[in-house]
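Reader: Hi there! Could you walk me through the ligand site in this one?
Author: Happy to, here it is.
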Amino acid sequence: MQGKLVGVGVGPGDPELITVKAVKMLKTADVISIPKAHENKPSLALAIVKQILKGRENIPELLELVFPMTKDKSELKRSWSQNAQIIAEKAKTGKTIAFITLGDPMFYSTFIYLCQRMKEEHPEVNLEIIPGVTSLTACAAVSKIPLAEKNEVVTIITSGIESDKIGEIAKHASSIVLLKGSKRLKEFVPVLEKSGFTKNSTIALVRRCTMSEEKALVGTLKDVKKWDIDDDYFSISIIKEKTK
Ligand SMILES: C[S@@+](CC[C@H](N)C(=O)[O-])C[C@H]1O[C@@H](n2cnc3c(N)ncnc32)[C@H](O)[C@@H]1O
């Protein structure tokens, strides 16, 4: 019997934000697969599910898979294919492999690449995805800034984007969400102010949302220059044209 690969969203950090369905899967899966950028780097996703795994009667196999953070496309493809092959071999023996991801598996996640490889290279393996609470909505909740209402447009960008593109995008957005760190936030503020946002637009910068190290700053764009911003990759900024 063919087994399956299940992408499991484990939420943004607080273990209470894991869905009931994800908990059930984490309690029964034969293998828990943990994506890592380097072998020695601790996994935040694993830390979130630690208590659930501890509570299991039988100990699952823990399978760490390294997905290197590189821009070398051939190296990336090689690692995705290798990891897909490892999972396919396990699935062939009827096992269920739960691949844990921070937030939601289909939102800026390593699971997306694995999922694509599985579909293309191992179509015989069953695929299932359990959605998770994303960091995006968790940060909106913590900062109490609504992402959108009525016909508003929410635009999601990452800190890798060029400034001139942000200017164009911002002209059409009611809210902007900036993912993947806050290093360039001060550089982006004047661009936003030239593109429809104002000094009085609301902004929240949330770091390590719902984790024990959570820190949230909420103010207006004119406040940002005074903010002491630490460059934590696990940060999100939400900028809202106006708060009603
Ligand atoms: C590779 S993406 C993963 C997104 C994830 N799949 C999700 O649904 O939230 C990593 C980015 O998500 C954001 N992120 C993830 N967890 C976060 C948290 N607890 N607090 C703030 N930002 C977070 C950060 O912007 C980080 O750079």
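Author: By class, the shell around the ligand holds twelve nonpolar, five polar and three charged residues (Ala, Val, Leu, Ile, Met, Phe, Trp, Tyr, Cys and Pro count as nonpolar, Asp, Glu, Lys and Arg as charged, and the others, Gly among them, as polar). This is a predicted model, where local features need pLDDT of at least 70, side-chain atom pairs count only at pLDDT 80 or more, and totals for chains, interfaces and linings use all residues. Residues are numbered from 1 along each chain as its sequence is written, and side-chain values use heavy atoms, with hydrogens and water left out.
Reader: Nice. How many residues surround the ligand, and which are the closest?
Author: There are 20, and the closest are Phe 107, Ser 135, Lys 180, Tyr 233 and Ser 235.
Reader: Which domains does the shell draw on?
Author: Domain 1 (4-130) and domain 2 (135-240) each give at least three residues, with bounds from an automatic or database domain assignment.
Reader: What about polar backbone atoms, say of Tyr 233?
Author: A polar backbone atom of Tyr 233 is 2.7 Å from an oxygen atom of the ligand. For ligand nitrogen atoms, the distance is 2.8 Å to a polar backbone atom of Cys 209 and 2.9 Å to one of Leu 102.
Reader: And how much of the ligand does the protein bury?
Author: The protein buries 94% of the 560 Å² that the ligand exposes when taken alone (Shrake-Rupley method, 1.4 Å probe).

Terms used. Near = heavy atom within 4 Å. Polar contact = N/O pair within 3.5 Å; in protein donor to acceptor, adjacent residues only side chain to side chain.
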